[in-house]
Amino acid sequence: MATKLPTTKESRNFEDLVTCKICLKHFVDPRLLPCSHTYCFGCICKAASYTNGDFMCPLKDGTTVQQNQINSLRLNHAMAEVVKMVFDDYKQNNNPPSNSGGDRQRFKENMILVSGLPLDISEEHLLDKLWKVFSTVGNIKINQETKGASIDLFRKIDNKPPLNGTATITFEREESVVKAIEKYNGKCVPILNNNQIYVKKSEVTTGGNYATGLVHPSPNSTELKVWVKIEKRLARKEEFTCTIDIDDLKKRVFKEQNDRDLYEAYYRNQPLGPGERVPSGTTSDQPIVLRNIKPQPPEPGGPSPVTPKPVSAPEPFVSTDYHIIVDCSNIFIGSQTIRDPTTGATQKNPAIRVNVKNLVRVVENDKLKIYIKTRIAGGSKPPENLPVWKEWASCGYKCIVIERSVSGPEDGVDEMLHAQILQLLHIYKDTQTRSQVLVLVTGDGNINGGRTSFLQSVESVLTSNWSVELWSWERSLSQHFLSTQRFFPSRMTIKYLDSYRNDITFIQKPREN
């Protein structure tokens with residue numbers, strides 16, 4: 001049966017799927033890296049030529065392919081088929097793809113430029129705060145490769161710290177741009193340190209879709225002549241060799257940083273944020289005006305002016321729903337792998353068992369019981385383990401239990417748990433008034449050969465504005481989860497069960513004959 005190509009509504013996400021993140025064109029000879037990212041074979045070879053023959057994944061997940069391994073990278077057959085399908089469809093409709101990145105120019109119409117952002121918080125926290133603020137007006141576009149939001153922070157022109165307080169945000173729909181401007185332009189936002197921010201439709205063209213949180217140099221373009229005046233002085237003309245932002249204009253006008261901080265820029269009585277581009281239509285009659293924002297001293301004999309401190313509006317209380325999913329087999333097997341304190345070697349003790357009630361107490365310790373909406377435990381049921389499921393049931397957990405397969409792996413159980421997570425996503429859609437948290441107890445990060453996986457489920461949850469609390473034995477934890485956490489540092493936490501080993505495990509005594 002022929003595969004249906006995406007509709008117009010889906011086309012942008014689909015373009016990300018079939019686009020190489022190096023050349024920003026449709027894949028040619030797509031090769032699959034050990035970290036599951038895909039790039040054109042030619043792009044890999046070219047990039048490797050600049051790094052002594054080794055290829056480092058541009059998404060900075062720590063993956064490095066040695067020079068002698070590049071030629072043996074597997075072809076991503078699924079991606080090659082999708083790209084072929086795209087070209088066949090274009091031929092059928094007499095509309096061949098340009099493959100030049102021009103399609104990404106359309107994203108500019110759904111992009112806003114935000115300026116006036118706080119400079120005293122980390123990049124990771126700023127990205128997370130921007131997502132929380134602007135997701136209230138519409139869906140922010142998700143990069144399909146990184147699973148992160150399309151939010152880009154800008155540095156100074158030399159691309160060195162610090163940030164310049166400016167960011168671009170790309171929405172899925174253009175109407176979200178209008179809502180963002182109406183709701184936040186010129187407003188003090190409590191979650192952004194009560195800074196007064198400025199929001200406008202962006203004129204910045206990035207030339208492609210960048211991964212979540214990448215920091216780019218401020219946009220530059222052509223030669224510019226700017227008329228500028230300091231308040232209560234005559235206007236003057238300044239010439240620049242490239243398009244600049246307001247910060248750069250202030251540097252030209254004022255030599256001292258203290259003087260720059262005392263002035264705000266306006267054009268036609270509209271405020272211009274620190275990182276906004278200087279408009280090109282200035283004249284001697286309509287220059288950029290730099291207004292002094294320093295409080296004026298009181299007149300002689302008059303009362304001292306009292307400047308009221310801005311009062312931050314309290315953020316609305318958002319209650320939290322918890323959904324606990326336990327992969328019993330993974331936790332049970334992981335508990336039996338221990339480290340010898342004398343030799344440091346890893347060894348397995350098959351007599352170790354998990355104390356279910358104590359494990360539940362650890363995982364649920366900091367959560368109000370009334371907010372735990374879901375409790376599910378899954379695994380297999382050989383006869384000797386039947387009492388374990390009674391213990392889970394007595395703790396209020398729904399048990400998903402199937403017969404253990406002859407081959408050993410419990411793919412069927414895992415896939416049932418994956419389905420439960422996706423079902424929860426469908427049921428608990430409200431993430432604005434209620435915070436949703438998946439509490440996942442497993443270290444299993446296997447890709448599963450294209451089938452559903454816990455890793456895929458976690459990524460789906462995070463990109464749906466949920467948070468994730470992952471519990472695992474340290475030696476059982478897949479490195480894929482650590483890579484995912486780097487993209488969602490404030491919404492994904494990893495907790496190790498090793499600290500509670502003495503409380504949640506015990507040695508089963510041998511049965512007497």
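This report describes the confidence of the model and the ring interactions within the chain.

The structure is a predicted model. Mean pLDDT over the chain is 76, and 73% of the residues score at least 70. Among the elements of the chain, the highest mean pLDDT, 94, belongs to strand 27 (residues 467–472), and the lowest, 40, to strand 14 (residues 215–217).

Aromatic pairing comes next. A pair of aromatic rings is described by the distance of the centres and the angle of the planes. The model holds five aromatic pairs. One of them joins F254 and Y263, with 4.8 Å from centre to centre and 25° between the planes. Because planes under 30 degrees apart count as stacked, the pair of F254 and Y263 is classed as stacked. Both partners are buried: F254 has a relative accessible area of 8%, and Y263 has a relative accessibility of 13%. Each is classed as buried because its value falls under 20%.

| Charged residue | Ring | Distance from the ring centre |
|---|---|---|
| K367 | Y322 | 5.5 Å |
| R491 | W131 | 4.8 Å |

In the lysine case, K367 lies over the face of Y322; in the arginine case, R491 is placed over the face of W131.

How values were computed:
Residues numbered from 1 in each chain as written. Predicted model: local features only at pLDDT ≥ 70, side-chain atom pairs only at ≥ 80, totals over all residues. Heavy atoms only, no water. Phe/Tyr/Trp six-rings, centres within 6.5 Å; stacked < 30°, edge-to-face > 60°. Buried < 20%, exposed > 50% of the residue type's maximum accessible area, 1.4 Å probe, protein only. Lys NZ or Arg CZ within 6 Å of the ring centre and 35° of its normal. pLDDT = per-residue confidence, 0-100. Helix = DSSP H or I, 4+ residues; strand = E, 2+ residues; numbered from the N terminus.
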